[in-house]
Amino acid sequence: MLTKAICDHKRCDRRSMNHKMLKLENLLRFHTVCRQLHSLRQRRTLARWRRVFSSAYPVWAAQQYTQLWQTDMLLGAALSQYRLLVTKKEERSWKSQLSSPKSKKEVEVWIGMTVEELATAMEKDIDYIYEALMNTSIDIDSLEADSRLDEVWIKEVIKKAGMKLKWSKLKQDKVRENKDAVRRPQADPALLIPRSPVVTIMGHVDHGKTTLLDKLRKTQVAAMEAGGITQHIGAFLVSLPSGEKITFLDTPGHAAFSAMRARGAQVTDIIILVVAADDGVMKQTVESIQHAKDAQVPIVLAINKCDKAEADPEKVKKELLAYDVVCEDYGGDVQAVHVSALTGDNLMGLAEATVTLAEMLELKADPTGPVEGTVIESFTDKGRGPVTTAIIQRGTLRKGSILVAGRSWAKVRLMFDENGKTINEACPSMPVGIIGWRDLPSAGDEILEVESESRAREVVEWRKYEQEEEKNKEDLKMIEEKRKEHQEAHRKAREKYGTLHWKQRSFIKYQEKKEQKILKPKEKLERDSNILPVIIKGDVDGSVEAILNVMDTYDASHECELELVHFGVGDISENDVNFAETFHGVIYGFNVNAGNVIQQSAAKKGVKIKLHKIIYRLVEDLQEELSSRLPCTVEEHTIGEASILATFSITEGKKKVPVAGCRVQKGQLEKQKKFKLIRNGQVIWKGSLTSLKHHKDDVSVIKTGMDCGLSLDKEKIEFKVGDEIVCYEEKEVPAKTSWDPGF
């Protein structure tokens with residue numbers, strides 16, 4: 001079989017060779033015939049012209065031969081054109097045969113492909129891609145194997161490789177099926193049962209919200225809060241003497257906790273707006289009203305501190321009219337209750353007003369089926385791990401339930417109420433603490449119950465995938481913006497050097513590089529001192545969120561950059577200290593602890609740890625730290641002032657020195673201090689004195705009312721009568737940051 005295959009192959013080669021030889025012979029034969037026809041035509045034409053011009057032939061014969069000559073010319077031209085066409089056809093055929101084995105390789109590409117993917121598609125190594133992109137405006141140093149290339153750079157690489165570009169259909173990963181968990185459809189009204197109202201206490205800082213709630217539930221929450229100010233949200237179930245139950249959310253009134261107040265408004269049924277009768281409507285009062293309007297939640301007005309002599313409840317009601325909060329006394333639908341949280345006066349009236357409004361709202365919920373709720377607060381407990389405070393909105397939560405919130409999931413190991421007592425189930429409108437989370441969810445996340453742990457992992461993986469996809473889109477958008485910036489800078493650079501000779505261009509580039517000096521160690525230290533890296537640790541998620549929101553208002557980067565290195569929930573750890581050491585930063589802790597071992601480690605590494613329990617103290621400390629990073633400002637303190645009464649000059653050696661005759665009007669002149677010369681309100685000279693004399697004696701001090709003569713260290717300055725001489729000293733004063741967080 002092999003012998004036969006070889007014979008067949010040789011026979012095919014022989015047949016192909018014979019065909020080519022025959023074609024070549026025909027071509028040579030055709031060329032020979034053409035040459036013969038051409039020589040014959042020339043001989044015939046010459047013979048005919050001889051006959052025409054001989055006297056033996058008449059004129060009509062000449063005309064006849066002229067016609068024959070024209071026919072021969074046409075025949076020759078046709079033959080020439082035919083020969084040219086045949087030759088071109090042969091050349092084209094020959095070129096196509098030559099070029100066919102060297103046809104350009106086609107490379108399939110797509111938008112957003114990485115460096116590694118392009119190298120694989122081109123069957124090259126990654127270094128080839130880097131070499132192809134050299135001397136372009138793209139930053140080669142920032143390119144990694146997984147860096148996405150823009151369309152223009154893909155084309156550039158393919159072009160330099162001498163390959164052909166082929167755009168494939170948009171290459172995407174296989175579209176993943178949506179595995180997210182969602183809320184159930186609305187329940188059948190027949191299944192709904194009445195539930196307790198969820199009431200949020202809102203108002204300005206220090207208007208008595210926590211004291212009011214403390215009286216309602218007969219505990220000492222306010223005494224436990226640092227400075228009497230609520231630091232984070234609390235959820236409590238209060239049982240009234242009448243038997244009704246109300247779930248209260250106590251939100252912070254401080255300016256820093258705006259996001260937490262907004263979150264409280266989203267899960268509530270009724271808002272109790274607390275306004276101090278002696279203080280009136282304040283900034284956070286207005287903000288609370290806006291939160292209530294945004295969430296479309298009804299308001300009950302509690303006018304607190306009515307036991308004070310300066311209390312004016314009517315003034316509060318009138319002020320609220322400007323914000324569309326119209327009390328029943330003025331024809332509106334907002335109930336206003338006068339209370340005193342300190343004495344407990346009329347608190348039952350406030351509770352009854354709340355219950356009455358709840359009855360009008362006909363609040364109901366479905367206690368069956370999978371649980372739905374909202375995370376109110378989350379924190380990490382040293383012994384119990386991640387813990388959340390949640391409000392159940394649908395279903396009944398039991399031990400062993402599988403929950404998903406944000407990008408975290410939990411198998412409920414333990415549940416407890418606001419007093420820390422273990423409970424077995426939690427019904428709608430009930431606040432509950434949940435233990436068993438794998439990771440710490442964020443405050444405000446939606447809680448959904450799923451059927452199994454595998455389903456919970458599936459949901460969390462899907463949500464992480466969605467987050468990653470969103471991040472990739474943002475990264476691509478940022479890359480595109482950077483590319484446009486690089487292209488614009490490259491275009492401007494080309495325009496700048498485009499018309500110059502190469503020698504001039506080289507000289508300008510050399511000068512520019514010369515100006516870009518390498519920072520000396522001292523200059524580098526000064527530059528680094530204008531950056532404050534910080535690490536934020538808080539007791540709960542909402543506290544950290546509030547501090548970060550305050551930091552977002554920072555607008556003094558031109559003075560000192562505020563750089564957030566890391567933030568998290570829980571006590572300060574060795575990892576935080578290592579972060580701070582690496583970045584030369586400061587650790588700020590809010591309502592957290594730092595153990596002795598951690599503090600000793602921080603002191604050894606030169607890391608500052610600053611712990612606070614009141615948020616505005618932390619912000620003040622941060623302002624002071626920022627101010628300490630700023631260079632000191634120099635202030636001038638005036639010591640004495642003198643007016644020039646006469647001018648003259650004296651000769652010292654070969655020089656003439658101008659001298660001013662002065663009288664001290666205020667303070668005293670001290671020769672060792674600095675001086676300035678003022679003319680018509682303008683400072684025309686600053687420096688020191690070369691001489692200060694009283695009569696003919698050199699003195700160091702001239703006091704008020706005394707005359708003196710003085711000369712300056714700059715001889716070219718001319719004195720004029722009426723000029724002022726001011727003696728002053730410079731003092732360095734610590735600078736203060738211009739950042740104002742708003743409270």
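**Exercise 1. A pair of phenylalanines**

Is Phe579 buried, partly exposed or exposed, and what is its relative accessible area? Classify also its pairing with Phe583.

Solution. The model is a predicted one.
Step 1: Phe579 has a relative accessible area of 28%. Buried means under 20% and exposed over 50%, so Phe579 is partly exposed.
Step 2: Phe583, at 38% relative accessibility, is likewise partly exposed.
Step 3: Both residues belong to helix 16 (residues 574–583), where they are four residues apart, about one turn of the helix.
Step 4: A pair of aromatic rings is described by the distance of the centres and the angle of the planes. For Phe579 and Phe583 the centres are 6.4 Å apart and the planes are at 25°. Centres within 6.5 Å make a pair, and planes under 30 degrees apart count as stacked; the pair of Phe579 and Phe583 is therefore stacked.

**Exercise 2. An aromatic pair across the sequence**

Determine how many aromatic pairs the whole structure holds, and describe the one formed by Tyr554 and Trp739.

Solution.
Step 1: Searching the whole structure gives three aromatic pairs.
Step 2: In the pair of Tyr554 and Trp739, the centres are 5.3 Å apart, with 80° between the planes. An angle over 60 degrees counts as edge-to-face, and this pair is accordingly edge-to-face.
Step 3: Tyr554 is located in the loop between helix 15 (541–551) and strand 20 (561–569), while Trp739 is in the segment after strand 31 (724–733); the pair therefore ties together parts that are 185 residues apart in sequence.
Step 4: Tyr554 is buried at a relative accessible area of 12%, and Trp739 is buried at 2%.

**Exercise 3. Charges over rings**

Identify which rings have the charged ends of Arg384 and Lys676 over them.

Solution.
Step 1: For Arg384, the ring is that of Phe416, and the charged end sits 4.8 Å from the ring centre.
Step 2: For Lys676, the ring is that of Tyr728, with a distance of 5.3 Å to the centre.

**Exercise 4. Salt bridges**

State the number of salt bridges, then examine the bridges of Arg195, Arg457 and Glu620.

Solution.
Step 1: The count is 38 salt bridges.
Step 2: Arg195 pairs with Asp269, and their closest N and O atoms are 2.7 Å apart. Arg195 lies in the loop between strand 3 (193–194) and strand 4 (198–203), and Asp269 in the loop between helix 8 (258–266) and strand 7 (270–276), so this bridge ties together parts 74 residues apart in sequence. Arg195 is partly exposed at 23% relative accessibility, whereas Asp269 is buried at 14%.
Step 3: Arg457 and Glu453 form a salt bridge of 3.4 Å, N to O. They are four residues apart in helix 12 (residues 453–498), and about one helical turn separates them. Arg457 is partly exposed at 40%, as is Glu453 at 25%.
Step 4: Glu620 bridges to Arg617 with closest N and O atoms 3.5 Å apart. These residues are three apart in helix 18 (residues 615–628), again about one helical turn. Glu620 is partly exposed at 36%, and Arg617 at 43%.
Step 5: Salt bridges with shared partners join Arg183, Arg184, Asp366, Glu372, Arg394 and Glu446 into one network.

**Exercise 5. The protein as a whole**

Give the counts of helices and strands and the percentage of buried residues.

Solution.
Step 1: The protein has 18 helices and 31 strands.
Step 2: Of its 743 residues, 39% are buried.

How values were computed:
Residues numbered from 1 in each chain as written. Predicted model: local features only at pLDDT ≥ 70, side-chain atom pairs only at ≥ 80, totals over all residues. Heavy atoms only, no water. Phe/Tyr/Trp six-rings, centres within 6.5 Å; stacked < 30°, edge-to-face > 60°. Helix = DSSP H or I, 4+ residues; strand = E, 2+ residues; numbered from the N terminus. Buried < 20%, exposed > 50% of the residue type's maximum accessible area, 1.4 Å probe, protein only. Lys NZ or Arg CZ within 6 Å of the ring centre and 35° of its normal. Salt bridge = Lys/Arg side-chain N within 4 Å of Asp/Glu carboxyl O.
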